[in-house]
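Subject: A structure for you to look at

Hi there,

I am passing a structure on to you. Please open it and have a look around before you read my notes.

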Amino acid sequence: MLFEDPQFGNKLITMMAAALLVLQIMMVAQRWLITNIRAFGVQSFLLACIAATIAHFNHAPHIYIVAVLTLVFKALLLPIVLERLALKIEIRQEIEPFVNVPVSVIVSGLLTLLAYVVAESFHRPEEAAGPGRLGHNTLAVAIALFLIGFFMMVNRRKALTQVLALLCLENGLFLAAISLTYGMPLIVEAGIFFDVLVATLLLAILSYRIRETFDSMDVSRLSRLRG
Amino acid sequence: MAILVLLLIPLLASAATVPMRSVRQMELVYLLSAAGSFLAACWLAGEVLRSGTVQWGDGFLYADHLSALVAVLTAFVYLVSAPYAVGYFRRDDEQHVFDETGKGGASASKLRKYYALTPVFGFSMFLVAVSNNLGVLWIAVESTTLASIFLVTFYGGRTSLEAAWKYAILGGVGLSMALFGTVLTYYAAHQILGGESLNVLNWSVLAASASQFDKTVMRLSFILVLLGYGTKAGLAPMHTWKPDAYSEAPAPVAALMATAVVNCALYALARFYVLTGRCLGPSFASHLLILFGLLSVGIAVPFILVQGSYRRLLAYSSIDHGGIMVLGLGFGGPLGALGMLLHMTFHSVTKPLLFFCAGNAQQHTGNDSLRRGPGGLLHSLPVSAPMFLLAALAVTGTPPFSMFQSEFMILRAGFAAHQVGSVVLFVALVVAIFCGFFYHIANLVFGPATGLPRGEFSRWKTFPVIGLSLIIVILGFWLPAPLYALVDGAARILAVQP
């Protein structure tokens, strides 16, 4: 059967990982905040799909829970909260990166290349042949998401967009965690999820307060404390 | 048992504080929780000294000498900051800091935030010390950030928002790196140990089999963990959030952050250092630690020399001391680890005193400036001002005080490790820091009277200062035997044999 064949699962996961990367670069390239938030939602949805696929093909039921958590919190709840916040504080809906879009995309490409170089050192041909081993593509994509997330973070000046970059970075982290080890032990994963959720909400509240106090979400205006 | 009690006391205190309306009740619960936590930490240390390790729940919570030391130090800072915080906020309340509208009643809700969040902050730090699972350790470190963000924005001004933002975003990025490092360690362990169970991430399990782990993975893992927990400890160049957060947070919170949080972050780093050392041999991790240590001490120098605010001065001093501890760990061997842990102990006693004196001075004069400040604090603060000077001498490692001993031990460890160049550089930087620090604090304390009213605000604020000063003087000559046994046992855990 197709759905029992590990080769098919491998291909499916590689394809979805590629889509994750494309979405990430799309977020770097386009300028509208709301679209960015939705792209993040889709990315998280794909992440949940990858988790579910891994759970199915490797018979690891506890990863289903991770998939559901990702789906509920990262693909639905967080995008909704962030989008509401973005509309509520009525900022100009453009992202205004420091580095312009073409250069940003080139930088993202270079970072992806770097990620493949790093992931290569993890690759062991003798293990890749065995059943259930994912291609090292997934790890490379995870590292690429992580690095591009960093780049997005330093490249953006508005509070909410930095939160979004942090979330993308964490998506990369989750992908690495589930593709390398088929998930950490459940209690750890759940705890991490809870912490990420709370951290995001805290950051959202803070960015809201920054808007209220400074009349702007531009964090480059946060420059009173020096030396 | 002791582990559970230690974790439950602050949690219960926090839960009890939430529905309270009277500030006096909150103060009482807070003081009791601080005293209870300290007793529980001492109990835990006693059990560890008697039986080596203490476990609960199939090794889920685990305490050895190192955990017990960190727990005792955290509980100590929590204990001394509690009465100080009571006095500090009473003074704020008297000055109507919380009451912007003039209607009254604002102080209870504002103070409830402090009295409910600080025990949670304490709880997460205790959890850092006693969690065996490296994933849970990460969760606990992240929770210390989450619990303290709103303590940094306590006064709610523009600058405190700015500080909190930097703290949250840098902390978030840093900790995500630490999480990546933890995932990689799990990956390395998973290959050897297999299985999906929770125990695979337990430090005690990992440490036993670390020598077989994949070397490439562990190398990458340690770099990420060093960057991650280094951000939390405030090592250069990830230190930029620190001066802002420390100068904006209320003084008792700043004291907790500058000592207990730094200890917790370095504790987490040290756990990974042991794993990496057993896997790769000590030299790889040591070189990185020496580099980051020297960089932190070095970056503190110019900022201390030209500093304009004494709260920020203390923050840079804390970056400097974080660097010294990492340097001790990096020099390695039994002497380096012992020096690092002694330094951690003495720093946890000295730095709160500095923050308390700084807080007293700031509340008295209304600003924390070294340039606009008129000096002559000696005339208006008869207790805090001389103690400020004493603490400044102690924290810069002047001989009769205990920090001299630990810094000297780290120097000896450096020579033993044949790192002569690093040692010479380290001595030069420490001397420069001493000059800058002493110049600023002496300027602040001495000088003609400025016409500010004379007198300390209340005993709540002076007794912790006097008590800590006594402890600092005593520690210079005599270290209690159980404490030394604890430090020594912890140093044995950290000393990776080449």
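First, some housekeeping. This is a predicted model, in which local features need pLDDT of at least 70 and side-chain atom pairs count only at pLDDT 80 or more, while totals for chains, interfaces and linings use all residues. Residues are numbered from 1 along each chain as its sequence is written, and chains are lettered from A and ligands numbered from 1 in the order in which they are written.

Let's begin with chain B. It has 19 helices and two strands; helices (H or I, at least four residues) and strands (E, at least two) are DSSP runs, numbered from the N terminus. Its radius of gyration, taken over C-alpha atoms, is 22 Å, close to the 23 Å that the globule rule (2.2 Å times the number of residues to the power 0.38) gives for 498 residues, so chain B is as compact as a globular protein of that length. Along the principal axes, the C-alpha atoms of chain B fill a box of roughly 70 × 55 × 40 Å.

Next, the inside of chain B. Of its 498 residues, 63% are buried. A residue is buried if 20 or more other C-beta atoms, placed from the backbone, lie within 10 Å of its own, exposed if 12 or fewer, and partly exposed in between. The largest nonpolar core has 277 residues, and B:L44, B:A71, B:C264 and B:L269 touch the most other members. Such a core is a set of buried Ala, Val, Leu, Ile, Met, Phe, Trp, Tyr and Cys residues joined through C-beta atoms within 7 Å. Helix α10 (residues 251-280) of chain B gives the largest share of this core, 22 residues.

B:C264 lies in that helix, α10 of chain B. It counts as buried because it has 27 C-beta neighbours inside 10 Å. Leaving aside neighbours within four places in sequence, the contacts of B:C264 include B:V70, B:A129 and B:T144, and those of B:A71 include B:L6, B:L44 and B:A129. Two residues are in contact if their C-beta atoms, placed from the backbone, lie within 7 Å.

How do the two chains meet? The contact takes 37 residues from chain B and 35 residues from chain A. On the side of chain B that touches chain A, α6(B) provides the largest share, 18 residues. That side has 20 nonpolar, 11 polar and six charged residues. Here Ala, Val, Leu, Ile, Met, Phe, Trp, Tyr, Cys and Pro count as nonpolar, Asp, Glu, Lys and Arg as charged, and the others, Gly among them, as polar.

In chain A, helix α2 (residues 33-57) and helix α3 (residues 62-88) pack at an angle of about 175 degrees, with their axes 8 Å apart. Axes are lines fitted to C-alpha atoms, for helices over the stretch in contact, and angles run from 0 to 180 degrees between N-to-C directions.

Finally, two backbone details. Most residues other than glycine have a negative phi, and most peptide bonds are trans. A cis peptide bond joins B:A236 and B:P237, with omega about 0 degrees. B:H418 has a positive phi, near 60 degrees, and is exposed, with 10 other C-beta atoms within 10 Å.

Happy exploring!
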